[in-house]
Amino acid sequence: MKLLTANRLNDGRVIYLGEADAVVETIDAARPLDAEAADAALALAQSRPAVFVNPYLIEVEGCAPSGRDRLKERIRSVGPSVGHSLDHARNETA
């Protein structure tokens, strides 16, 4: 199975394609796609550049990324990592 993911144009957040072609922000809400549906979903996302920046498909098992990019996609699914490191650095200097 596959999921469609991208970044949202207006704020750069990681997004996924959910049920009824809705944009969702969590990997758990993303719609699993078989091969045929995945190709159609990618074409749909590519036709919506005002929302989807660089859409692509990822391999999943259940709702967990699998395949060669699984670590990258797990990090993306959790959210920005920079903000957490900046908070940590700020707390050390205080």
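Good morning. Please keep in mind that the model on the screen is predicted.

Where does T5 lie? T5 belongs to strand β1. Its relative accessible area is 0%, so T5 is buried, the cut-off being under 20%. Leaving aside residues up to four places away in sequence, T5 touches V14, I15, Y16, N54, P55, Y56, I58, E73 and R76.

I turn now to helix α1, which comprises residues 35-46. With 12 residues at 1.5 Å a residue, α1 should span 16 Å, and the end C-alpha atoms are 17 Å apart, which agrees. Which residues of α1 are buried? They are A38, A41, L42 and A45. These residues cover an arc of only 100° around the axis, and therefore sit on the same side of α1. The general principle is that an α-helix has 3.6 residues a turn, so residues three or four places apart point the same way. The buried residues of α1 pack against β1, β2 and β4. On the face turned away from that buried side, α1 carries the exposed residues E36 and D39.

Finally, I come to the loop between β2 and β3, where A20 is found and where D21 also has its place. Most residues other than glycine have a negative phi. In A20, however, phi is positive, near 55°, and in D21 phi is also positive, near 60°. A20 is exposed, with a relative accessible area of 74%, whereas D21 counts as partly exposed at 32%.

Thank you for your attention.

Terms used:
Residues numbered from 1 in each chain as written. Predicted model: local features only at pLDDT ≥ 70, side-chain atom pairs only at ≥ 80, totals over all residues. Heavy atoms only, no water. Helix = DSSP H or I, 4+ residues; strand = E, 2+ residues; numbered from the N terminus. Expected span 1.5 Å × (residues − 1). Buried < 20%, exposed > 50% of the residue type's maximum accessible area, 1.4 Å probe, protein only. Arc of directions from axis to C-beta. Contact = heavy atoms within 4.5 Å.
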